[in-house]
Amino acid sequence: MQGAGGKFGAGPKPAECLVGLDLGNGWHVKAMVRPSPAATGGHFSVGYLVESDSGRIGFLKALDFIEALRRPNFTDALQEMTAAYNFERDVALKCGQTNRVVSVLAHGSVRVSGSFGDLGNVAYIIFEKAEGDIRAELAKHKDFDLCWCLRSLHHAALGMNQLHLKGVAHQDMKPSNVFWFMDDGFKIGDFGRSSDQALPSANDLFSVPGDASYAPPEQLYGFRVTGDFTDRCAADLYLLGSLFFFFFLKVSATHLLRFCVGKLGSGAILSGDFSADVVILQRGFGDALGHLEDELRKSGFRDLAGRIVRVVGEMCDPDPRTRGNRKVKLPCRRKYDIQRYASLINDITQRAELGML
Amino acid sequence: METLDSYRQVIPRWVLFHRACETMVGKGVKSVLSAPDGARGELDRLRRDWTANKSMPYALDLLGVALFSDEEPSLEAKEAAKLVFRETNEGDVRRELASVAVDRDAPLTQNIFSVASAGNVKVLRDRLKRFPRDPTTWMDLGFHLALLGNLRNARRCVAAAVGSGGAHPFILRSASRFFIHAGDPREALHLLRGSSLSRSNPWIVSADIAISDGFRINAPKVSVARGILGSGRYSAFELSEIRSALATIEFGAGSGAKARKLVGESLIEPTENALAQAFWAAGRGLVPGVSVDPKNRVNAFEARARNFVAREKHGQALEQCFEWLKFQPLSARPAAFGSFVAAVFLERHEEALKLIDLAFPASGNVGVLHNNKAFSLVSLGQIEGALKEVECARSISSNRVDSGVLEATMGLIEFRRGDVEEGRACYKRAYHTIRKDELLLGLLCYYWLREEIRIGSVSLADAGVSKLEVKSEKDARTFAKVAKILLKL
């Protein structure tokens, strides 16, 4: 293993040597997407563009396990990495057959020729190739098209609902994980941080499994209501609602909430105990919603602004105990039912589309 | 006239939420909502993303993390902030977020919604339509409705606030103050004692003690308070009101040394309420003086007013009373205290009436204010108006001292109406009711003597006083000695 460290220390690693390879299942590796490794899902991977015999373009994610060998406790790291890879692959396969979730087109491993020996075996997953993600799409346009934004949010809600129906919570729903497909609209992807009700994983143990910049406040406090999968569903609802802030204000709901709470000057009142501090968070969130409504109204969507902020208010309530459907009193899966919000967003979208006629 | 040293406890204040936030100092929000470990790697990734794609979403992603990072703002963050400045207008929250992310000392504007809501029931209602799960906004709405005298709807708002945010001291203390305002201190105590914080939180325990002691209902939780003081878990600021409340009880029990020690400790880092309590105690001679200057303390209007009175700077004390009333519009005390200062020490009756009228919408059922208004009206020659106010006060006031004070005011009215005999009879009845209170007795004798001198029945020399003037409580007390002469008339 020492040799491996030295061998891959300066030169390319197996996962970086796939360009030009025939994967043996009808897929051919065309080009590397990211020249350097990017951390996703807690393990390192390298991205490629691949093409099938039929001419379909896909996105290949290759596992770079050499990164694990470089760590002092490499056996643990290797186990963690492979477990995460297997988990992501299994979840993607489980959920990828639905129309609003990015599909897995193939998976397997390929041996890279050269001096890598047995270490040249690279595991991969091939996903549908998207045109881009929400963040990249929004970056292209200065003004937003309300109908397009709402339809995107509706698609994201459908995707999340499809995951929940399969017993999977995404946990890392953020603009860069909602992908844009020219023919199919938006789909959600990247399951590296998800939780599967039927398949325990390391993700279940993290208090903030996804991106902390987008995480719901209870996760930042380490607060859990039920301590089971229901908490993950509550977090998913928040993450979905927070996309509204990103679409219309281009800022994360969590960042805006933190800023609004900071502006209250309530430092001394915040105790670090979520149950006590949630009152302050709710005040800050009320302010954040005010900014959202203000922006919608300024952009000319006066008729729908109130309806939108009420839905977002339910989805992103900083208190997971009151988040979601207010008619359901106790925290349970039904309270955080994404289907309800998919319908509400669809209703708003249709109103917006009718208004455009 | 109501005097300045009626019993006082550190009854919790009820103020608008943004005002409560102003008075709090200490650790910042960042310590609780800071990004978890790994924020450094996150910043690096966001910097790379921004460099590759210089647009608003990437800029705000980077600035949002930079805002809560301990690192110095990077060049990339500064560049991203410039883009946000270009793309947004003045007053846009994103613009402000960007400026704070790259300059921690950038001035923060007050939250526009909080400021607007301070004077606007409609804005508060709109906020609640948008997000009904906001207990502090329910409490603010209740505050405004209580100010307008709409206690029924205010009670509903308070119930909604307690229902959704009853685990927070701000909500519990504000709600308990509402029940006191509504004349139901038992309900206030019931609410505090039913909370999960009732045995562990210094803010709740101090409120409990102050209400139990102030209204003489139930035994104060002294042992719980001592346990909290000995726990070493709380800052001097958090403990200031509990120490103050205990000190007041110790004064009542005659344990002056213990009380003075507690008052001293309460002033290490006092709330404005604890500071006001210390000045009140100093005014009664219970502590030798107050070492803390209230001059630059946020919202310490009451403490400043009491301090100015002690230093016989009554004009400045009156100014502070107006500010105190703005800060505590649901309390009758600023108007009672201020109208006393204005009428007795300054003889500025118009200002006394102005202060009372400002307090009336919320405190119209407080007999003392009607009495003080009657006094100022009769002093300005408006006898009919004064009589109406006395009638109002009589229908409200129930205790013995209040009725004695009212008799004295009635005596003044009768003198001004020309009915000297009835005036004297009123003053005599008042004397028998309030003779044990040296200050009230001194004031009664002063005004009675003033009327007798005005009609020429007595001279200053007959009374054995050198001048007919009251510039301090001490001056007022000196007039008690003329009671014997006056009672013979």
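**Figure 1. Helices α8(B) and α9(B) side by side in the predicted model.** In this predicted model, helix α8 (residues 121–130) of chain B and helix α9 (residues 135–147) of chain B have axes that come within 10 Å and cross at roughly 155°. Because angles over 145 degrees count as roughly antiparallel, α8(B) is roughly antiparallel to α9(B). The crossing of α8(B) past α9(B) is left-handed. On the α8(B) side, look for Val121(B), Leu124(B), Arg125(B), Arg127(B) and Leu128(B). They meet Thr137(B), Trp138(B), Asp140(B), Leu141(B) and His144(B) of α9(B). Sorted by class, this contact of α8(B) with α9(B) holds five nonpolar, two polar and three charged residues.

**Figure 2. The next pairing along chain B, α9(B) with α10(B).** Here we stay with α9(B) and turn to helix α10 (residues 151–165) of chain B. The axes of α9(B) and α10(B) come within 8 Å and cross at roughly 165°. These two helices are therefore roughly antiparallel to each other, and α9(B) passes α10(B) in a left-handed crossing. From α9(B), the contact draws on Pro135(B), Thr136(B), Trp138(B), Met139(B), Leu141(B), Gly142(B), Leu145(B) and Ala146(B). Facing them in the contact are residues of α10(B), namely Leu151(B), Asn153(B), Ala154(B), Cys157(B), Val158(B), Ala160(B), Ala161(B), Ser164(B) and Gly165(B). By class, the contact of α9(B) with α10(B) divides into 12 nonpolar, five polar and no charged residues.

**Figure 3. Helices α12(B) and α13(B) in contact.** Helix α12 (residues 185–193) of chain B packs with helix α13 (residues 202–214) of chain B at an angle of about 155°, and their axes are 10 Å apart. That angle makes α12(B) roughly antiparallel to α13(B), and their crossing is left-handed. Seven nonpolar, one polar and two charged residues make up the contact of α12(B) with α13(B).

**Figure 4. Cys332(A) in its loop.** We now move to chain A, where Cys332(A) sits in the loop between α10 (302–315) and α11 (338–356). Is this cysteine buried, exposed or partly exposed? Cys332(A) counts as partly exposed because it has 16 C-beta neighbours inside 10 Å, and a buried residue would need 20 or more. While you are here, look for Cys233(A) as well: the C-alpha atoms of Cys332(A) and Cys233(A) are separated by 8.9 Å, although the two residues are 99 apart along the chain.

**Figure 5. Stepping back to the setting in chain B.** Chain B has 29 helices and zero strands. Its C-alpha atoms fill a box of roughly 100 × 45 × 40 Å along the principal axes. The domain assignment gives chain B a domain 1 (34–102) and a domain 2 (344–487), with the C-alpha centres of the two domains 67 Å apart. Of the 489 residues in chain B, 51% are buried. What share of the contacts in chain B between residues at least 6 apart in sequence join residues at least 24 apart? For these contacts, the figure is 56%.

Terms used. Residues numbered from 1 in each chain as written. Chains lettered and ligands numbered in written order. Predicted model: local features only at pLDDT ≥ 70, side-chain atom pairs only at ≥ 80, totals over all residues. Domains from an automatic or database assignment. Axes fitted to C-alpha atoms, helices over the stretch in contact; angles between N-to-C directions. Helix = DSSP H or I, 4+ residues; strand = E, 2+ residues; numbered from the N terminus. Parallel < 35°, antiparallel > 145°, perpendicular 65-115°, else oblique. Left-handed = near helix turned anticlockwise from the far one by under 90°. Nonpolar A, V, L, I, M, F, W, Y, C, P; charged D, E, K, R; others polar. Contact = placed C-beta atoms within 7 Å. Buried ≥ 20, exposed ≤ 12 C-beta atoms within 10 Å, placed from the backbone.
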